[in-house]
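Here is a short briefing on one structure. Look it over first, then read the notes by topic.

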Amino acid sequence: MTTLTPLMASFNGGEWSPELWGRSDIAKYVNAAKKQSNFISLPEGPLKPRPGTFYVSPTKDNLTARLLPFEFSSIQAYIIECTNLLFRFYKDNGIIETVPGSPYELVSPYLEATLPNIKYAQSNDVIYLVNPAVRPQKLTRTGHASWTITPIDFQDGPYLDLNVTATTFTPAAATGTGINLTASTATFAATDVGRHVRIKQGTTWGWAIITAFTSATVVVITIKSDFASTAASKNWRMGAWSDTLGWPSVVIFYERRLFLGNSATLPQTLWGSESDNFESMAPSKTTDTIVDSSAITYTIDDNQVHNIQWLSSSEKLTIGTSSGEFAAQASTLNEGLTPTNITIRNKSRIGSANVSPVLIEQSTIFVQTAGRSIYEFVFDDINSPVNSTEVSIFSKHMLRGFVREISYQKKPWNLIWGCCQDGSLFAVTFLKEQEVLAFHRHPIGGTNAKVLSIATIPNPGSNQVWLVVERLINGSVKRYVEYITDEYVPEDKDDKDGFVYTDSSLEYFGAPVTKITRLDHIIGEEVQILANGASHPNRIVASDGSVTLNRPTTIAQVGLKNESEFIPLNFEPIGQFGSTLQQKKTIDRLAIQLSSSLGGVLGDESDQYDIAYRSPSMPMDQSPPLFTGKIIQKMPNGWDDTQSIVIKRTQPFPLNILAISPRISIVEEPTV
């Protein structure tokens, strides 16, 4: 018999797909898990339980909602709740109200069905919003409760190619409003209202906006830049965007231009504004001169269908399409993009889903076309990108619900958060320079709980993750806006008052009470309670939104239970005769190194036992202090070909795991 004590001192392998549980030959096997639920892998190696969520507000009329971030600065950041034809706004952990109890609301042009397709780019106090079903909009903030949303008044473009037919356009006047424009053949449609028209007479271009439809050959226009005459002209260009042709569906700022792309009829086309003039799309001067600052139009031509799904601003303007990833670049390294000096080249053939990527340093993290894998696209240097690499290769099972959104929380733990169409929530610890990559699942507390949307905004000292969560509450479907709380860092071993490890939770601070109220959002649900830093028996929230405590408390956290669970991959140490895969093994005890922890259970997958913190000298009527140190626990495991352990957090306390080391006895026999 051989006895081994392998050490697991880093947990940054994440949860692996079952298909890989036999790959003990991979170096990161010893850092990985069969299951990692509501435990976060820190870049440094330890495991921490996910903090709970705070309840903020029901969504407007309990509707499905999409969250958008608005980041003016680290101290002026907002979450925008988008529901059917309406926006609401959140700041400083609460909803913005005009008067107490009355949220500030802004009418929007976005129907509920179109919300998933909103993409955005921000410049100071303005967000440019695009959606293939809606004219591009501009959301402007002038105060916490002062926002406007208006169609973007693009000037002079963008346009389709120059007319090559015999059709002529004849304006009834060279300047003015309410002017008839006549086409020599049927050209116009009622959906062309709002569309731009550019006409060249001699060497001069003028342009106008269609304001009314009369017939297929006659429309009414407002002339924005005077025509040279009223003569008929074959040199004309119609606007590229309209209700006829569709609207752009992606947007980004890059090199002092606003870039947009992918309309219904031009899915492979990219448009860039004039330099330093985001709302001017003029392709040339009125004299027909194209200068470096003129607007840009470029269509990807690569012998495949390349619907543009997203744009990212990194070393180059990166373009994710349904069939591959591209980069827009000039002919030399030090030149900016111009109308006459731009090329778009394919860099990988992975293909992208219609999900906005996240930019981490120079890595663009994006979702593959099928929605069930995540890739990294990064430039090795300014000339050459590394081939796109699959980030989710070890954890594909976690994305079977099809990724809906991803968002990046840089501080404190370098996490990519994501939610899937099935409502599951996951996170990825990603720190490229340290080769840290770990997927972990994060089920939200509550019955049939689903995460519908996520967004991240700056928060003093950290980044704050906001969620729209749908649950079955007291038999009814409810949808709430919540955020993941900051980690509470205790001052000493007796400081346990501020931990939040429950979901949809609320806190009470004040005079001693035995009744906690204002829990109307979780009436009828069983809740966990932390009362003055000590665990309290679970309660059912009464019909008046209250719970009654068995002792007075001045600080309490009340919310829906969420548990954390960690099951490492089977221990398969190398013995004196090589692999021990065929040998009978048993784990008779386990050493676990903890930091500022309390509660938790250890065992195998069938039996678990409470971790014993209390010493004989501790008063039985008081909660033990937070524990930092080593605990050696006897294990119930019998003899088997495979051995693993289970660690669970079942109470609303931290369980911070620094290292584990099982003592494994093996009946070793040489292989004959």
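Is Glu-361 buried or exposed? Glu-361 is exposed, because its relative accessible area is 58%, where buried means under 20%, exposed over 50% and partly exposed in between, with a 1.4 Å probe and protein chains only.

This is a predicted model, in which local features need pLDDT of at least 70 and side-chain atom pairs count only at pLDDT 80 or more, while totals for chains, interfaces and linings use all residues. Residues are numbered from 1 along each chain as its sequence is written, and side-chain values use heavy atoms, with hydrogens and water left out.

**Backbone in the loops**
- Glu-361 sits in the loop between β32 (358-360) and β33 (363-367); strands are DSSP runs of E, at least two residues, numbered from the N terminus.
- Glu-361 is not a glycine, yet its phi is positive, about 55°.
- Phe-402 also has a positive phi, near 70°.
- Phe-402 lies in the loop between β35 (385-390) and β36, and it counts as partly exposed at 38% relative accessibility.
- A cis peptide bond links Gly-157 to Pro-158, with omega about 0°. Pro-158 belongs to the loop between β17 (146-151) and β18.
- The bond from Lys-411 to Pro-412 is cis too, with omega near 5°. Pro-412 is in the loop between β36 (403-409) and β37 (415-420).

**An open sheet**
- Six strands make an open sheet with antiparallel pairing, in the order β18-β19-β22-β21-β20-β23; two strands pair if DSSP finds at least two bridges between them.
- At the edges are β18 (169-171) and β23 (236-238), each pairing on one side only.
- Within it, six bridges join β21 (residues 204-213) to β22 (residues 218-225). Ala-208 faces Ile-223 in β22.

**A hairpin**
- Ten bridges hold β40 (residues 447-459) to β41 (residues 462-473), and the two run antiparallel.
- Lys-450 stands opposite Glu-470 in β41.
- Two residues separate the strands of this hairpin, where Gly-461 takes a positive phi near 85°.

**A buried serine**
- Ser-504 is part of strand β43 (residues 502-516).
- Ser-504 counts as buried, because its relative accessibility is 0%.

Technical notes: Helix = DSSP H or I, 4+ residues; strand = E, 2+ residues; numbered from the N terminus.
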